[in-house]
Amino acid sequence: MIVPMSQHIGAPAKPIVRKGQEVVRGEPIAAPSGFVSVPMHAPLTGVVEKIDLALLADGTMGPAIYLRSYPGSSQEVLYGAPLDIETLQRDELIGAVQDTGMVGLGGAAFPTHVKLAVPKGKTVDTIIANGCECEPYLTTDHRLMLERMEDLFAGIEIALRATGAAQALIGIEENKPDAIKALRAAAPDDIPVRVVAVQTKYPQGAERMLIKALLKREVPSGGLPSDARVVVFNVATLAQIGYLLPRRQGLIERGVTITGPGIEKPGNYLIALGTPLRDVLEQVGLRDSARQVILGGPMMGQSMWSLDVPITKGISGVLVFTEAEIQARPTKVYPCIRCGQCVQACPAFLNPSRLGVLARKERYQLMEEQYYLNDCFECGGCAYACPSNIPLVQYFRMAKAKNRERKAAR
Ligand code: SF4
Ligand code: SF4
């Protein structure tokens, strides 16, 4: 297995093991290198083969710990010890969450403890548990809400204590009536939590959209949800905290939806972090007609050019398409006809058409300073709506990357 040191937003973790060292499943193998950073835990019982560069899903190379399992091991998680959460102060609680290595499992991979640490001078009155699937095809959150309710409510209680919020709302799209019913029935009386059904539409699972739908509050441009007195967590993140924290264990596996016409056995699978994508696909079976593998969902996911990348904390889905779907997609790009459909489609009220023109002229700084590029959360709605097939969201990702490069070079 390959455990990259950067599976989250923030500073990469630092290896604390050496080549040849034996590790136990669940044992910390890398330490955080700052507050906005998380540790990594061994996903298997075995030995450290090497510490070297590895190919990552974004196409870059990054440092990683390579582990080989002991075939005779039961792979039971033996690491960890009970933790009495009730006795912890708020800071201790946030530190304990950092120790679990938790990041947002919805795909953003932002360290969870950083979200729980409400910035000085701000107050949070509500936490939102995001039970809307982030994208079409993905169904792990839906299953989790039916199968791991106890963990989810435990995680909500921890998040309420850590943030000091007075209430929690679980926002679920109306097309999951079984989850809405089951969670309403199971909600404990001693936690101030309410299950709220929201309209089924993409991108309802985006933080800003959900805050607006549930609380009628708007996050200001360039601001954070805490500016609207809210913190949003994916339901899988909360359930995982609720499970790991009382056991003082680390994040070593996650639920992943593996689906698409190119997969023989589609489903939701619990996958050890660090498992090479190639091994995962061998297990679920690739059809002969499979041609394209996407990590994430169809709107925001990334097409892979190599299967030698590991499953990491932020990967919520693997989609495999066949030649038939690829052929059905329009590929030719036409000039912008000023139809305004992208403007209508943008949930962030941006002007994707204008941003697209500026991107083609490489006016990246202007895009950020005057056209609110950073408020784009890359939902892909504009590119989907565009009759000219202009790859708008790809332009915006590139523009943001160029702006980051420019700032780093200062
Ligand atoms: S990807 Fe397009 S539609 Fe989505 S937020 Fe960005 S500009 Fe708006
Ligand atoms: S949807 Fe496409 S063609 Fe229409 S205004 Fe936007 S960029 Fe131009």
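# A guided tour of the predicted model

Begin by selecting helix α12 (residues 364–371) together with helix α14 (residues 392–408), which pack at an angle of about 100 degrees with their axes 8 Å apart. Here helices (H or I, at least four residues) and strands (E, at least two) are DSSP runs, numbered from the N terminus, while axes are lines fitted to C-alpha atoms, for helices over the stretch in contact, and angles run from 0 to 180 degrees between N-to-C directions. Because angles of 65 to 115 degrees count as roughly perpendicular (under 35 is roughly parallel, over 145 roughly antiparallel, and the rest oblique), α12 and α14 are roughly perpendicular to each other. Show the side chains of Tyr 364, Gln 365, Met 367 and Glu 368 in α12, and of Phe 396, Met 398, Ala 399, Lys 402, Asn 403, Arg 406 and Lys 407 in α14, since these residues make the contact, where contact means heavy atoms within 4.5 Å. They divide into five nonpolar, two polar and four charged residues; Ala, Val, Leu, Ile, Met, Phe, Trp, Tyr, Cys and Pro count as nonpolar, Asp, Glu, Lys and Arg as charged, and the others, Gly among them, as polar.

Some notes on the model belong here: it is a predicted one, in which local features need pLDDT of at least 70 and side-chain atom pairs count only at pLDDT 80 or more, whereas totals for chains, interfaces and linings use all residues. Residues are numbered from 1 along each chain as its sequence is written, chains are lettered from A and ligands numbered from 1 in the order in which they are written, and side-chain values use heavy atoms, with hydrogens and water left out.

Now select strand β16 (residues 317–322), where six of the six residues are buried, so the strand is largely enclosed by the rest of the structure; buried means under 20% relative accessible area, exposed over 50%, and partly exposed in between (1.4 Å probe, protein chains only). Gly 317, Leu 319 and Phe 321 point one way from β16, while Val 318, Val 320 and Thr 322 point the other way. In a regular strand the side chains alternate between the two faces of the sheet. Strand β12 (residues 253–259) runs parallel to β16 and is joined to it by three bridges, with Thr 259 having Leu 319 as its bridge partner. Strand β14 (residues 290–295) runs antiparallel to β16 and is joined by five bridges, and here Leu 295 has Val 318 as its partner.

Go on to the open sheet of four strands in the order β1-β7-β6-β3, with antiparallel pairing, where two strands pair if DSSP finds at least two bridges between them. β1 (2–4) and β3 (22–23) stand at the edges, each with a single partner strand, so one side of each is left without a neighbour in the sheet.

Finish at Gln 199, in the loop between β10 (193–198) and α6 (207–215), which counts as partly exposed at 47% relative accessibility.
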